[in-house]
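I opened this entry to record what I looked up in the structure. My notes follow in the order in which I made them.

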Amino acid sequence: MSTPEPSPRPEPFPAPQGASSAPAGGSPAPEGAAARPARFPRLRGSSELGVCALLLAVGVLVLTDALTMDTVASVRGPVGPRTVPVVVGAALVVVAVLLAVDVLRGGRGEAEGGEDVDLSEPGDWRTVALLAGVFLAFAALVGPLGFPLAGALLFWGSAYALGSRSHALTRDPLIAAGLSVATYAVFHLLLGVHLPGGPLMGVL
């Protein structure tokens with residue numbers, strides 16, 4: 001009795017020309033991704049120097065404004081009004097110089113690795129528009145309504161614009177009112193910064 005001869009195994013289909021091989025379980029890399037050159041390499045290399053220039057400009061501006069400030073020696077205390085701006089401006093200048101030296105020596109900031117952001121997705125312009133409307137409404141209402149009421153609307157509106165929906169009519173207004181009154185009390189009573197009280201001026 002003769003045994004049947006095994007049938008020849010079918011040849012696998014050849015891979016399309018130009019297709020890249022990928023390991024099992026992995027997704028193939030897009031064609032040309034590895035060889036794609038970076039756009040504007042010179043600008044990418046000098047972008048951190050732009051940050052240094054910005055810090056230096058802000059520091060010089062703060063120092064110039066502080067040193068040309070008119071002060072009266074008889075009314076200033078041990079720490080005059082120039083002290084904090086001079087310290088902040090000098091710190092900005094020092095940080096800008098040290099950062100520029102580090103960049104020129106080859107130092108580069110590491111790319112963010114902890115955030116999962118899809119740069120191809122469009123921006124959430126609805127949230128941006130809601131926040132802009134809330135801030136504009138606060139700027140228009142802080143005068144006639146006072147800071148406690150306008151601040152409560154600001155805090156509540158910001159929470160709503162940023163996605164708070166389940167407690168938008170129960171918990172959020174109470175927290176916003178508490179934050180607004182506490183902020184008004186700290187600035188008006190403790191720090192001596194007079195904020196508009198509006199109709200609640202006599203109560204608070």
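**Helix 4 and what covers it**

I first listed the buried residues of helix 4, and they are Thr127, Val134, Phe138 and Val142. I note that the model is a predicted one. I then recalled that an α-helix has 3.6 residues a turn, so residues three or four places apart point the same way.

I next asked what covers these buried residues, and the cover includes helix 5 (147–161).

I checked the length of helix 4, which holds 21 residues (125–145). At 1.5 Å a residue the helix should span 30 Å, and its end C-alpha atoms lie 29 Å apart, so the two values agree. I also found a bend of about 30 degrees in helix 4 at Ala139. Just after helix 4, I noted that Gly146 has a positive phi of about 90 degrees.

**Helix 6 and the segment after it**

Is Ser180 buried or exposed? I located Ser180 in helix 6. Its relative accessible area is 0%, and because buried means under 20%, Ser180 counts as buried. Setting aside neighbours within four places in sequence, I listed the contacts of Ser180 as Phe147, Pro148, Leu149, Gly151, Ala152 and Phe155.

I then turned to the surface, where Val186, Phe187, Leu189, Leu190, Leu191 and Val193 form a nonpolar patch. Together these residues have about 580 Å² of accessible area. One of them, Val193, lies in the segment after helix 6 (171–190). I recorded Val193 as partly exposed, because its relative accessibility is 38%, which falls between the cut-offs of 20% and 50%.

Notes:
Residues numbered from 1 in each chain as written. Predicted model: local features only at pLDDT ≥ 70, side-chain atom pairs only at ≥ 80, totals over all residues. Heavy atoms only, no water. Helix = DSSP H or I, 4+ residues; strand = E, 2+ residues; numbered from the N terminus. Expected span 1.5 Å × (residues − 1). Bend = angle between axes of the 7 residues up to and from the residue. Buried < 20%, exposed > 50% of the residue type's maximum accessible area, 1.4 Å probe, protein only. Contact = heavy atoms within 4.5 Å. Patch = residues over 30% accessible without salt bridge, like charges linked within 9 Å, V, L, I, M, F, W, Y side chains within 5 Å. Areas by Shrake-Rupley, 256 points an atom, 1.4 Å probe, with all protein chains shown as cover. Salt bridge = Lys/Arg side-chain N within 4 Å of Asp/Glu carboxyl O.
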